[in-house]
Structure formats: structure tokens, C-alpha cells
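Q: Hi, could you walk me through this one slowly? I'm still learning how to read a fold.

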Amino acid sequence: NKDINKDNWEYAKQDGIKRPISHTVYDNNGEIKYIENWNYNPDVFIKYQKKNKHGRILSLKKETLDEHSNLRQEDIFYDENGKIELAITATYIGANLVRFTCYDAKNPKESVSIFSEFSDNLKIKETIYSSEYKIEKILKAEYIDDIRTSITVFDSHNNKIKELLAK
């Protein structure tokens, strides 16, 4: 039936800004396909949630902010049976991304974790871990007057693989 409304949006005004809070999508028979909900309250950790017609969570976004302005963001995607398909997590200290993790249940060997170290807001080291949490590579950066001059790549045994020089 072409006359069926396939979307229903709800909005709320906060601080003079009109934002979506709910979105319901219907199929051609007028049955719910999925529902999306947003929450902009800083005290609520779940910022976004998508559920199927049975109320099972398909995806969600969580944000946790501590008293030091450190932020952890998690995006999690589920299959129809509620099992995690993909999880992406980013942790920030101030503006610096210090940890990034991606888990792919369909391709677990492609999963990765990256830990970064900073000094005076300059990234000085990045350690890349495999899906088995074993070190794959280490990258170290050198700077002169806050300008990166080189990146040295090391293997899991701390053997130098190569050095990339800035031009």
C-alpha cells in the first residue's frame, strides 16, 4: 500500500535546538521494522539505540565522560540473535585518542587494538595489538620543535623494521 507512512519522527527542543529523539520505520504492511532512540542527557550513558520489531537491540552507542573530561565511546552492533557482530571502542584523554579497539565477530583475525602514548599532546608511541592481544607493531615518533621528523616502526620483538623521515 503506497499510502502507508514508512517513517515516524519525534523531536524535542533542548537549548533552542530541535533534535530527533525517536524514529520508527515501518515496512510496506505497516509493521514496525525498527525503532531508533537518541538521548542527549549528559548523565545518561546510552546515547543511541536501535531495536528491531521484537524489541531486540540491533545497535547502540554509549558515551562515558569522567570528571577529568576523559571520554569513552562504544558503538556495538548485534545480529538478530543478540550476539555482537561488531564493537568499536575509542577512549580519549582530553583531545588525544589513547585507545582504539575494533572487534569483528565475522572476521576475528581482523580485530585490532591500538594504544597511543602522548607527551605534551604529541603522539610519541603507538602499539598495535592483534586479535589475540599480542603486539604486532610499535611505532615511535620523533619531534623537533613540535614538528614530527620521523616515525620508526618496530616488530613485536622490538626489532627496527623501517624508519620514515619527514620531508
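A: Let's begin with a term: accessible areas come from the Shrake-Rupley method with a 1.4 Å probe. On that basis the accessible surface of this chain, which is a predicted model, comes to about 11800 Å², and 49% of that belongs to carbon and sulfur atoms.

Q: What does the C-alpha trace span along its principal axes?
A: It spans about 65 × 40 × 30 Å, and of the 167 residues in the chain, 25% count as buried.

Q: Switching to pairing, which way do strand 8 and strand 9 run?
A: Strand 8 (residues 96-104) and strand 9 (residues 112-119) run antiparallel and are joined by four bridges, with Thr101 standing opposite Ser113 of strand 9.

Q: And how many bridges pair strand 9 and strand 10?
A: Seven bridges pair strand 9 with strand 10 (residues 122-129), again in the antiparallel sense, and Ser116 has Glu126 in strand 10 as its bridge partner.

Q: What about Asp120, in the hairpin of those strands?
A: The hairpin of strand 9 and strand 10 has two residues between the strands, and Asp120 takes a positive phi near 50° there.

Q: Last one: how many positive and negative side chains does the chain have?
A: There are 27 positive and 28 negative side chains, and the centres of the two sets lie 4 Å apart.

Methods. Residues numbered from 1 in each chain as written. Predicted model: local features only at pLDDT ≥ 70, side-chain atom pairs only at ≥ 80, totals over all residues. Heavy atoms only, no water. Pairing = 2+ DSSP bridges. Buried < 20%, exposed > 50% of the residue type's maximum accessible area, 1.4 Å probe, protein only. Lys, Arg positive; Asp, Glu negative; His and termini not counted. Charge placed at Lys NZ, Arg CZ, Asp CG, Glu CD.
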